[in-house]
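Keep the structure open beside you as you read.

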Amino acid sequence: MRKIALALAVLAAPAAAQAATCGNDASGFERWKQEFAQEAAAQGIGQAGLNALANARYSQSTINADRNQRGVRYSLDEFIRIRLGSLDSFASTLRNARNSNPGFYQSLEQAYGVPASILLAIHYMETGGGRFMGDTPVVDSITTVAYDCRRSDFFTPHALAALQMVDRGMLAPNQRGAAHGELGHTQFLPGNALRYGVDGDGNGRVDLYGVADALASTANYLRQKGWQPGQPYSEGTQNFRVLNEWNAATVYQQAIALAAARLDG
């Protein structure tokens with residue numbers, strides 16, 4: 001598999017002298033887009049990205065989801081029941097997926113040292129193996145949370161990254177994703193898609209809506225975050241701690257590790 005070098009100048013460039021004015025409702029979004037367009041152009045965003053920004057709509061569904069976040073307060077057993085049904089049934093689904101293309105999953109393990117069981121558990125936890133990757137336009141959602149005053153500092157680099165992805169043909173202007181701009185089979189934020197994205201199928205472009213690129217990119221992300229090939233991933237290990245880089249909820253990490261262990265056992 002061939003990794004595409006992705007320059008991150010837009011993420012590393014100095015901040016504009018005057019950041020676009022954030023807001024807490026839709027009323028200031030159009031003004032913010034005009035201000036943000038100047039900031040984006042100054043950081044190298046091209047016409048395709050700027051057009052996507054100009055056409056972006058304030059996503060009230062994104063704001064509703066953001067305001068209603070309560071964190072994962074379930075016990076592990078409740079989380080598994082709600083998200084997976086049961087460990088046995090979930091592991092059976094993962095096993096069938098692995099058996100459908102064993103060479104592909106073996107190649108990922110050889111290239112990145114991340115077990116196929118972990119990658120499959122993440123893939124099916126996030127999107128049911130690609131069955132549902134979100135229903136909100138990525139540019140709409142990521143620019144909405146970048147505009148929103150609550151966490152604009154965090155999401156602004158991801159909004160710039162999404163526009164750069166549009167420029168590079170990595171993201172269609174109307175491509176749909178999750179409520180906070182997460183995209184593709186394993187739900188990368190745009191900045192991470194740029195930084196860790198890999199051309200897994202060797203076709204010369206990175207497409208996180210393709211399984212090969214998405215899972216290779218996920219493996220690359222985990223490896224870059226400190227995954228130790230050949231080492232255990234059960235709770236308390238270094239590799240288990242790497243799962244925190246993917247999702248900070250402990251029950252999520254535990255469910256991933258337990259499901260993967262069922263598959264590997």
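In this predicted model, 21 residues of domain 1 are in contact with 23 residues of domain 2, where contact means heavy atoms within 4.5 Å. Domain 1 covers 28-67 + 134-189 and domain 2 covers 76-132 + 192-264; these bounds come from an automatic or database domain assignment. Their C-alpha centres lie 26 Å apart.

How much area is buried between domain 1 and domain 2? The answer is about 1,800 Å², with carbon and sulfur atoms giving 66% of it. Buried area here is the accessible area (1.4 Å probe) that two parts lose on being put together, summed over both. On the domain 1 side, His185, Thr186 and Phe188 supply 46% of what that domain buries against domain 2, more than any other three residues.

Now for the polar side of this interface. The rule finds zero salt bridges across it, a salt bridge being a side-chain nitrogen of Lys or Arg within 4 Å of a carboxyl oxygen of Asp or Glu. It does find nine residue pairs in polar contact, both residues at pLDDT 80 or more. A polar contact is a pair of N or O atoms within 3.5 Å; within protein, one must be able to donate a hydrogen and the other to accept it, and residues adjacent in sequence count only if both atoms are side-chain atoms.

Which elements give two or more residues to the side of domain 1 that touches domain 2? They are α10 (152-168) and β2 (176-177), and α10 provides the largest share, five residues. Helices (H or I, at least four residues) and strands (E, at least two) are DSSP runs, numbered from the N terminus.

Elsewhere, the structure holds eight salt bridges. In one of them, the side chains of Arg150 and Asp66 meet at 2.6 Å, N to O. Arg150 sits in the loop between α9 (138-147) and α10, and Asp66 in helix α4 (residues 60-67), so the pair ties together parts that are 84 residues apart in sequence.

A word on conventions: residues are numbered from 1 along each chain as its sequence is written, and side-chain values use heavy atoms, leaving out hydrogens and water. Local features need pLDDT of at least 70 and side-chain atom pairs count only at pLDDT 80 or more, while totals for chains, interfaces and linings use all residues.
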